[in-house]
Every structure is written in C-alpha cells, then in structure tokens.
Amino acid sequence: MTQDIITGSGVSKVYATATGPLVALDDVSFGIREGEFISLVGPSGCGKSTLLSILGGLEDKSLGRLEIDGREIDRPRADVGMMFQTPVLFPWRTIRENVRLPGEILRLNKTEQKARTEELLEMVGLSGFGDRYPGELSGGMRQRVGLARLLAHDPKVLMMDEPFGALDEFTRETMNIELLRIWEAMRKTVIFVTHNIGEAVFLSDRVFVMTPRPGRLEGIVEIDLPRPRTPEIMREARYGELVFQIRRMLGVDH
Amino acid sequence: MTDTAPIHAPPSDRQGDAIARFMESERRRTRRELWTNRLLALGFGLFVLALWAIATHGGFVHKLIIPTPLATLEAAGRVSAADYFWPNVWVTLQEIFWGFVIGMAAGAFFGILVAMFAPVRATLYPYLVALQAPPKIVLAPIFVTWFGFDMESKIAISVVMCFFPMFLNTLTGLSAVDPNAIKLMRSLTASRWQTFRHLLLPNAAPIMMAGVKLCWTLAVLGVIVGEFVGASAGIGYLIYAMNFQLDIPAVFFLIILLSVFTLIVYQVIEWLEGRVIFWNSL
C-alpha cells in the first residue's frame with residue numbers, strides 16, 4: 001500500500017493556439033499508491049480531464065515526467081482501463097459482446113473471458129440482460145455495462161472521466177455506491193475525475209483539488225473517513241468539514 | 001438463449017384486466033390506422049389510373065402522346081412475346097448488375113482507402129471531390145467511343161454513376177464516429193485493423209447502406225442513358241427504337257417494366273438494410 005504505482009513530476013501541457021500558448025496543465029507533481037482511490041476535482045478548464053488523458057497515454061504531455069510502474073507513459077497500456085462520460089457501447093453488439101470487447105481486442109483466453117463476463121454482469125446487477133442490445137437499456141444500465149467492460153481485462157489502474165456525470169442525481173448516487181462496493185472487493189488503483197465535491201469525498205482516499213487558468217494542482221486533501229462507507233457517512237460532521245475545506249480551496253465560498 | 005430479463009415491469013394484479021383491455025384497444029386502433037393508410041394509397045393509385053383512362057379513351061389527349069391503358073396492356077403482351085424481347089432484357093440486366101457491383105465495390109474501396117490512410121487522403125481527396133461535381137452523364141458519348149456499342153460502355157457509365165455516392169457515403173460513414181469510442185479503442189491498445197473492423201465499419205454501415213440505395217437507382221439510370229446514346233441491344237435501345245417507330249404503347253410498357261424492376265430491387269435492398277443495421281430500430 002505504501003509503494004507509489006503512479007508518479008508525476010513537473011507535468012505540464014501546453015497547446016499552441018492562434019493567440020499564443022495556452023497552458024492547460026501547469027507543473028503538476030504527485031504520487032499515487034497502489035490500490036488508492038483518487039479523485040481529481042475542479043471546475044471546467046482546470047485540466048483534470050487533460051491530466052487523465054495524459055495518464056491514459058491518449059495525449060502527450062509537453063513537459064515533465066510521468067510514470068506507471070516505473071515506466072514512462074507515452075502510449076495507452078492494456079493494464080490501464082478507461083471509462084468516459086458516455087458509456088460508448090457498440091449498438092450492434094449485445095451487452096455480453098460489449099463486455100467481451102476488451103478480451104477480443106487483447107486476444108485473451110476465450111473460456112476465461114466467457115466466465116469472467118458472466119461474473120462481471122452478475123456483479124453490476126445485469127445478469128439476465130446479456131443477450132439484450134444497448135438500445136434496449138436505460139442510461140444507468142448502460143453505464144453499468146461500461147463498468148463491467150472496464151473490468152473485463154482486469155486492468156491494474158482504472159481511469160474514470162466523469163463516468164456518472166451524464167446520469168440523473170439518483171442514478172448517480174446508486175452507481176457511486178455500486179462502484180465503492182466493487183472497489184472494496186477488488187482494491188484497484190482508481191483515478192476518478194469529477195466536478196462534484198460530495199461525490200469525490202464520498203468515494204476517495206485522497207482528493208486532488210485543481211484550479212483553472214492555468215490548470216494547477218492546488219492541494220491534496222486526505223479523506224480520513226472510515227471504510228467501508230455507506231451513504232450514512234454524508235450525515236457526519238467530518239464529511240461536511242472535508243467538503244467545506246475543498247470548496248474553500250476552490251474558492252467557491254467567499 | 002434464456003438469458004433475457006424483462007425490460008418493463010409487469011402490471012400490478014389489481015389493474016391487470018383493465019390494462020389487458022387497454023392493450024387490445026390500442027392494437028385494434030393501430031391495425032385500423034394501418035389499413036386506412038393502405039386504402040388511401042391504393043385509392044390514389046386507382047384515381048390516377050382512372051384519370052389516365054378518361055383522358056385517353058375520352059380523346060382529351062392524343063393517343064400518340066399518351067397511349068390508353070388498354071393499348072399499353074396490349075403492347076405488353078405483344079412486346080414480351082416477341083423473339084427480340086428476352087435477349088434485350090438479358091443484356092440490360094447484365095449491364096446493370098456489373099455496373100452496380102463494380103461501381104459500388106470501387107466506391108467503397110476508395111472510400112475506405114481515403115478514410116483510413118492520411119497520405120492517400122492528401123493525394124486523392126481534392127481530385128475525387130472535384131470530379132464529383134460535374135454531371136457524369138456527359139461522359140456517355142465518350143465512353144461509347146472508347147468502349148464500343150456493346151455492354152462494356154454501358155457498364156462503364158454505370159460504374160462512374162455509382163462510384164461517387166458510394167465513395168462519399170463510405171468516407172462520411174467512416175469519419176462520423178464518436179470520439180470517445182475512438183479513445184476507448186486506443187485505450188485498449190487496439191490496432192488500426194481492429195478499430196476498423198470492430199468500430200469504424202459497423203458504425204459506417206447505416207450511411208453506407210444509404211449509399212447502396214443511391215447506387216442502385218443510378219446504376220439503372222447510367223445503363224439506360226448509355227443505351228440511348230449508342231447501343232445495339234438492351235431495354236434502353238428498345239425504348240429508343242420503339243419511340244422512333246412511334247410505338248408509344250410499347251415505350252410505355254418498357255418504361256413501366258423498368259420502373260417496377262428498379263423498385264422491386266430497391267425494396268429488396270431496403271429489406272436487407274433492415275437486416276444488416278438491425279440496431280437502428282432498437
């Protein structure tokens with residue numbers, strides 16, 4: 001638990017625009033331990049999604065060093081799974097076939113993948129929906145399929161870019177509880193991008209608070225709430241204090 | 001496969017009967033609407049036919065300009081029983097088939113090439129777009145000069161007519177993809193081929209199928225125009241010859257025959273389309 005699996009030092013991202021350089025990410029340094037649940041929180045333009053993209057190897061950084069398992073990130077890697085705001089299910093594949101996509105791409109053992117797919121569907125509460133098509137499911141159910149697919153090839157690190165941001169408040173809360181339950185069971189390293197402070201505090205071990213123009217890591221807040229957590233925890237004073245502390249760091253309260 | 005859970009919750013017992021009655025009345029209403037629509041369409045067709053009969057039999061329009069329905073029917077029997085009929089139909093069918101298949105395949109092939117390979121796009125795209133603007137029909141006389149009076153020249157015209165809609169629709173279809181889906185494939189370290197096969201191609205299928213339908217009507221058009229310009233056989237050639245002999249009923253019959261044939265194949269393609277891109281109706 002004490003070993004850093006991901007380290008970043010002096011990471012910057014600069015875009016060349018017609019009006020000059022645009023600094024999206026300015027000198028960000030951090031370490032993330034194996035099995036940790038980290039949230040990146042901040043308003044639009046704080047660079048949280050950019051940082052996640054770079055961590056996932058989808059985008060290049062401009063400056064600095066960024067390593068996973070001691071290896072420089074310069075391309076996507078199979079042991080890092082990514083999930084986006086939209087579930088991006090393929091409508092021509094059944095639910096089961098969608099969950100099996102990573103296994104097909106990575107040419108994993110078919111028999112093992114078959115069993116794993118059923119386990120995962122069970123875990124996200126969708127056993128019985130394997131032969132359905134995405135077009136027949138609700139938004140919340142589709143994002144559950146996305147969650148199952150994220151775990152299909154058993155990646156070590158999960159990068160989630162506002163995965164429940166497009167869902168309604170009730171579904172989002174249910175999904176957060178589900179996510180925690182699954183994370184408790186698997187203890188994978190998670191980097192979770194959100195602009196919802198309460199969500200970040202509820203889920204995380206540590207919250208990276210980011211501010212915009214230029215995108216900076218303002219500070220890191222240790223979430224010392226006990227685990228396993230239930231929504232009851234939101235009634236506790238400590239939860240409120242942490243939310244308030246982050247709000248102050250973001251300059252929301254004056 | 002028993003692995004399907006109900007999507008909708010069943011009605012509560014208390015209201016079960018009322019809901020069953022409601023569903024039944026809804027079913028009846030939908031059926032009634034369907035039949036009303038069919039009758040309206042059929043009625044309009046009969047109305048036009050009646051108008052045609054009155055205008056011609058009543059002597060309001062000269063029969064050299066528009067033949068009577070009965071004369072057209074008589075011509076249908078006469079022409080289709082003639083020795084020359086089936087060989088000519090066969091020629092046209094072959095021309096349409098090859099024009100359609102080659103034009104479609106070439107359009108899809110170049111569409112994929114231009115969409116998938118940046119250097120190919122940089123090299124060819126400006127020219128393909130520029131070539132798309134002028135009407136392809138102007139090539140018909142040249143093609144007859146180049147390829148002669150036989151089938152080759154008609155197939156060539158048909159291929160050129162088919163090529164562009166298929167090319168552009170393939171290109172558009174392969175480009176119109178959710179950026180997050182691309183990111184997903186990249187994050188899974190998918191190869192270009194895997195991305196193409198698992199994401200881009202099925203994603204492009206609806207727009208490509210629209211291209212296939214466009215191709216079909218243009219393939220027929222290309223062949224018939226080619227036969228008008230210069231041919232020694234084919235339905236277009238027959239239409240031209242009959243028109244010259246002022247056998248207008250025969251011309252009418254051939255036009256109707258061609259229209260019905262084009263329409264039937266079009267319907268088959270639409271049926272296939274529904275099969276291929278089944279997920280659009282989910």
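The tour begins at the largest pocket, whose lining residues divide into 8 nonpolar, 3 polar and 3 charged. In this classification Ala, Val, Leu, Ile, Met, Phe, Trp, Tyr, Cys and Pro count as nonpolar, Asp, Glu, Lys and Arg as charged, and the others, Gly among them, as polar. The model is a predicted one, in which local features need pLDDT of at least 70 and side-chain atom pairs count only at pLDDT 80 or more, while totals for chains, interfaces and linings use all residues. Residues are numbered from 1 along each chain as its sequence is written, chains are lettered from A and ligands numbered from 1 in the order in which they are written, and side-chain values use heavy atoms, with hydrogens and water left out.

**Stop 1: the largest pocket**

The volume of the largest pocket is about 340 Å³. Select B:M116, B:I182, B:R192, B:T195 and B:L200, which are the closest to its centre among the 14 lining residues. Then colour α3 (85–116), α6 (151–175), α7 and α8 (192–229) of chain B, the elements that give two or more residues to this lining. Helices (H or I, at least four residues) and strands (E, at least two) are DSSP runs, numbered from the N terminus. On a 1 Å grid over the protein atoms alone, a pocket is an open set of points with protein on both sides within 12 Å along at least five of seven lines, a cavity is a set of points where a 1.4 Å probe fits but cannot get out, and lining residues have an atom within 4 Å of a point. Grid points are joined across faces, edges and corners, and a volume is the space filled by probe spheres set on the points.

**Stop 2: the contact between the chains**

Next, display both chains. Contact (heavy atoms within 4.5 Å) involves 34 residues of chain A and 25 residues of chain B. The size of an interface is often given as the accessible area lost when the parts come together. Between chain A and chain B about 2700 Å² is buried, and carbon and sulfur atoms give 64% of this area. Buried area is the accessible area (1.4 Å probe) that two parts lose on being put together, summed over both.

How many salt bridges does the rule find across the interface of chain A and chain B? The rule, a side-chain nitrogen of Lys or Arg within 4 Å of a carboxyl oxygen of Asp or Glu, finds 0 salt bridges there.

Now select β6 (80–83) and α3 (101–105) of chain A, each of which supplies at least two residues of the side that touches chain B. On that side α3(A) gives the most, with 4 residues.

**Stop 3: the cavities**

The whole structure contains 2 cavities of 30 Å³ or more. The largest cavity holds about 60 Å³ of space. Residues from both chains line the largest cavity, among them A:M82, A:R149, A:H153, B:L184 and B:L188. Its lining divides into 6 nonpolar, 4 polar and 1 charged residues.

For the second largest cavity, of about 50 Å³, select residues including A:L147, A:W183, A:M186 and A:K188. Here α6(A) gives the most to the lining, with 4 residues. The lining has 8 nonpolar, no polar and 1 charged residues.

**Stop 4: details within chain A**

Over all chains the structure holds 34 salt bridges. One of them joins A:E241 to A:R238, with the closest N and O atoms 2.9 Å apart. Both residues lie in helix α8 (residues 237–250) of chain A, 3 residues apart, about one turn of the helix.

Move to A:R213 and A:P214, which are joined by a cis peptide bond with omega about -10 degrees. A:P214 lies in the loop between β9 (206–211) and β10 (216–222) of chain A. The peptide bond from A:R227 to A:P228 is also cis, with omega near -10 degrees, and A:P228 is placed in the loop between β10 and α8 of chain A.

Finally, select A:V88, in the loop between β6 and α2 (95–99) of chain A. Although A:V88 is not a glycine, its phi is positive, about 35 degrees.
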